Amino acid sequence: MLTVTDLSVRYGQIEALRGLGLSVTKGSVTVLLGSNGAGKSSTLNAITGLAQPRGRIEFEGVRIDGVAPEDIVRKGIALCPEGRRVFPSLSVAENLHLGGAVHARGEALAARVEAELARFPILRERFHQKAGLLSGGEQQMLAIARALMSAPRLLLLDEPSLGLAPKVVDQVFDLILSLRDQGITILLVEQNAERALEIADRGYVLQSGEMVLSGTGKELAESDLIRQAYLAG
Amino acid sequence: MMDIILQQVLNAISLGGIYALLALGLAVVFSIVGLINFAHGELMTVAGYVLFLGVLFALPLPFAVLLAIGAAALAAVLTERLAFRPMRKADATSLLLTSFAVSAILRVLFQNGISARPKPVPLPSALSGTVNLGPVHLGAVPLASIVVTVLSLVTLNLFLKRTTMGQAMRAAAEDFQVLRLMGIKANRVIAVAFGLSGALAGISAVLWVAQRGSVDPLMGFIPVLKAFVAAVIGGLGSLPGAVAGGFVLGISEVLFQAFLPEAALPFRDAFVLSVVIAILIWRPEGLIPAKTARRS
């Protein structure tokens with residue numbers, strides 16, 4: 001579904017990503033692991049058009065590298081960014097509305113909002129509150145719901161469990177599986193390697209901007225590198 | 001006596017309203033692209049001259065007014081397209097210098113293309129008279145100006161709250177990157193922000209000209225300088241702040257003008273600026289600070 005070949009990203013003098021290759025199979029959960037600054041977010045930024053990459057990115061057989069972010073989402077890729085980044089002074093309703101505004105109008109848009117409220121009942125309770133007043137977990141749900149408003153076929157999630165209580169983290173991982181079961185392909189960036197590999201069909205490990213390891217979730221969970229670096233033994 | 005006090009209060013609110021509309025125009029653009037547009041005054045001037053031409057060619061007044069406001073909006077969109085968009089990736093200082101350049105170019109065009117001297121804009125006598133509310137006689141222009149200001153603020157608020165583009169503009173002020181991820185075109189949001197800011201400058205210009213009766217190439221300079229002060233005391237980039245700042249500044253100017261002892265009148269601006277300084281000491285971020293005032 002998504003094929004990335006020889007991808008590099010530079011920010012000025014800094015080379016954030018060097019020659020990355022990866023592929024995401026339709027209907028799978030693919031995990032990107034790595035420590036801070038390993039190039040995970042740069043990869044997602046390149047896919048969504050926020051960063052200007054060198055190399056080749058193909059989505060459903062069409063090249064999308066160099067396409068503007070506004071157009072990438074129209075092709076069926078949505079990003080739920082790191083740190084949630086909901087619009088704090090806008091209401092939950094307005095956040096959701098903006099997430100779907102260019103993809104549906106009128107009743108179709110209202111139906112999408114309704115579908116997300118059914119998926120995240122807590123957002124119905126908070127519907128008219130400012131997003132900035134929501135708890136971290138609620139904001140994460142809102143950020144995911146907002147990304148889903150574009151009805152993506154590929155959903156990119158950047159550290160969705162970061163800074164959340166263990167119980168909420170469970171909810172997030174359950175949600176990812178249920179989204180996959182509904183046919184949405186997932187590319188997940190995570191620091192929580194153990195949990196991520198449990199649900200991953202395939203994983204890639206980045207270190208200092210280069211891919212150092214790849215395999216199925218199970219293979220990675222058993223690899224020495226992962227055990228030493230991320231799973232503490 | 002009652003008449004005079006009421007009239008001064010009315011003048012104060014009407015001047016405050018004009019500053020508020022101008023400061024809003026500056027804030028709308030600043031909140032989204034981080035540009036302090038010093039060419040905002042020239043947008044006023046554009047509207048002023050279009051109004052002058054409309055009156056000269058004896059167009060119906062409402063039509064001439066709409067034409068003037070539309071011209072300022074169009075001019076704002078054009079300056080964005082021609083001058084500011086190519087500089088989109090540049091730093092704040094370069095953007096500021098670009099706006100000085102746009103301002104200077106437009107001013108020279110007015111001076112050489114039209115006239116360096118003020119042109120009278122005669123308005124219908126209905127506007128120059130007074131309105132009698134029982135025993136009280138009030139100027140028609142300040143009254144009309146307050147009505148227009150209130151209508152503009154209400155309309156703008158509805159636009160920002162109820163329409164997708166309005167919501168997108170508020171979102172853009174907070175996190176432009178994420179807004180683009182939602183598929184909303186950055187260029188369109190920015191163009192609408194400039195258009196809106198131009199329309200606000202146009203409305204202010206019409207009110208300004210209605211009170212003064214003439215236009216000249218420099219007419220926008222002073223009011224926009226004041227509006228900039230208003231935007232700063234309100235909290236730069238904050239829309240409610242711009243409105244609050246505009247009213248505070250306009251009201252203090254008129255009240256000092258009206259009620260200072262005659263010997264102190266030459267120092268009116270010093271008194272007004274003392275108020276400004278006091279506000280900034282009390283609230284360095286402005287009366288109603290912006291949530292995020294960073295550039296996209």
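pLDDT is the predictor's confidence in each residue, from 0 to 100. I start there, since what I have open is a predicted model.

**Entry 1: confidence**

I looked up chain B. Its average pLDDT is 91, and 98% of the residues score at least 70. Which elements of chain B have the lowest and the highest mean pLDDT? Helix α5 (residues 125-128) of chain B is the lowest, at 70. Helix α3 (residues 61-84) of chain B is the highest, at 96. I note a caution: where pLDDT is low, the predicted coordinates should not be read in detail. For the complex, the predictor gives an ipTM of 0.91 and a pTM of 0.90.

**Entry 2: where the chains meet**

I turned to the contact between the chains. I find 17 residues of chain B in contact with 21 residues of chain A. On the chain B side, α7 (164-174) and α8 (176-181) are the elements that give two or more residues. The largest share, six residues, comes from α7(B). By class, this side of chain B has seven nonpolar, four polar and six charged residues.

**Entry 3: the domains of chain A**

Next I checked how chain A is divided. The assignment gives domain 1 (1-76 + 154-233) and domain 2 (87-151). Their C-alpha centres lie 24 Å apart. Nine residues from domain 1 of chain A and six residues from domain 2 of chain A make the contact. Helix α7 (residues 166-181) of chain A gives the most to the domain 1 side, with three residues. That side divides into eight nonpolar, one polar and no charged.

**Entry 4: the core**

How many residues does the largest nonpolar core have? I read 160. Leu156(A), Ala47(B) and Val206(B) are among those with the most contacts inside it. The core draws at least three residues from each of domain 1 and domain 2 of chain A.

**Entry 5: two positive phi values**

Most residues other than glycine have a negative phi. I looked up two with a positive value. Phi of Glu60(A) is near 50°. Glu60(A) lies in the loop between β4 (53-59) and β5 (62-63) of chain A. Is Glu60(A) buried, exposed or partly exposed? Glu60(A) has 14 C-beta neighbours inside 10 Å, so it counts as partly exposed.

Ser208(A) has a positive phi of about 45°. I find Ser208(A) in the loop between β9 (202-207) and β10 (210-216) of chain A. Ser208(A) is partly exposed, because 14 other C-beta atoms lie within 10 Å.

Terms used
Residues numbered from 1 in each chain as written. Chains lettered and ligands numbered in written order. Predicted model: local features only at pLDDT ≥ 70, side-chain atom pairs only at ≥ 80, totals over all residues. Core = buried A, V, L, I, M, F, W, Y, C linked by C-beta atoms within 7 Å. Buried ≥ 20, exposed ≤ 12 C-beta atoms within 10 Å, placed from the backbone. Domains from an automatic or database assignment. Contact = placed C-beta atoms within 7 Å. Helix = DSSP H or I, 4+ residues; strand = E, 2+ residues; numbered from the N terminus. Nonpolar A, V, L, I, M, F, W, Y, C, P; charged D, E, K, R; others polar.
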